[in-house]
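Please keep the sequence and the structure in view while reading.

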Amino acid sequence: MRHKHKVGMYVGRFQPIHNGHMSIIERGLEECAHLIIVIGSAQESGTKRNPFSFEFRKELIRRSLRGRGERVTIIGVNDREEVKDDEAWGKYLLDEVERQTGLRPTINFEGAEMVRSHWFDGIDIERKAFDRETIPISASLVRDLMMEDNFDFFEFLPAAIWPLYGKMQMEVWRANGKV
């Protein structure tokens, strides 16, 4: 199979990974021979916004890939307080990806969110944005449903991670002071 790009990249916090993320990953794998999944805020865990550790998020992604992981590299990138503006963040991110993998992506797949709209201005990388309305899911919604013990969230998650429901919910509850 011939791919349009040799290496692509997809950045997210994946708190937790959901079907919207998986849709973008699938598109990335269609277009790229290799996809680098970057778990952002890798140093964060145990908070309301970031309840899951880097290692747990990586495990959830691996399980969600179900045997398609041979063309995927998963790395973590920590936030850096000294990197204040979007363009500096984009450069830091690409440099960190290259440092950890030895690969330089030629395309970035992203949700069409304003916060990421200027990360790669002035940097030679193609960008492909996906409107969240196409797949109206957010990890915040999933975590809120977990807090309420509302099992509707299962429809938003890859089936491969359903068996980890108890662990996910416990981490969300712990981060919110419920346990």
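This is a predicted model: local features need pLDDT of at least 70, side-chain atom pairs count only at pLDDT 80 or more; totals for chains, interfaces and linings use all residues.

Contact here means that heavy atoms lie within 4.5 Å.

**Helix 1**
- Helix 1 consists of 13 residues and reaches 19 Å from its first C-alpha to its last, close to the 18 Å expected at 1.5 Å a residue.
- The buried residues of helix 1 are G20, H21, M22, I24, I25, G28, L29 and E31.
- Among the elements covering these buried residues are strand 1, strand 2, helix 2, strand 3, strand 4 and strand 5 (126-130).

**The residue H18**
- H18 lies in the loop between strand 1 (5-12) and helix 1.
- H18 counts as buried because its relative accessibility is 5%, and buried means under 20%.
- Apart from neighbours within four places in sequence, H18 is in contact with I137, S138, A139, F156, L157 and P158.

**The nonpolar cores**
- The largest nonpolar core has 36 residues, of which I17, I25, I37, I61, F109, F153 and M168 touch the most other members.
- Elements that each supply at least two residues of this core include helix 1 (19-31), strand 2 (32-40), helix 4 (139-147) and helix 5 (165-175).
- Helix 2 contributes the most to this core, with five residues.
- A second, separate core of 16 residues includes V7, I75, W89 and Y92.
- In the largest core, M168 is in contact with P16, F52, F56, L60, M146, L157 and I161, leaving aside its neighbours within four places in sequence.

Note on methods: Residues are numbered from 1 along each chain as its sequence is written. Side-chain values use heavy atoms; hydrogens and water are left out. A nonpolar core is a set of buried Ala, Val, Leu, Ile, Met, Phe, Trp, Tyr and Cys residues joined through side-chain atoms within 4.5 Å. Buried means under 20% relative accessible area, exposed over 50%, partly exposed in between (1.4 Å probe, protein chains only). Helices (H or I, at least four residues) and strands (E, at least two) are DSSP runs, numbered from the N terminus. The expected span of a helix is 1.5 Å times one less than its number of residues.
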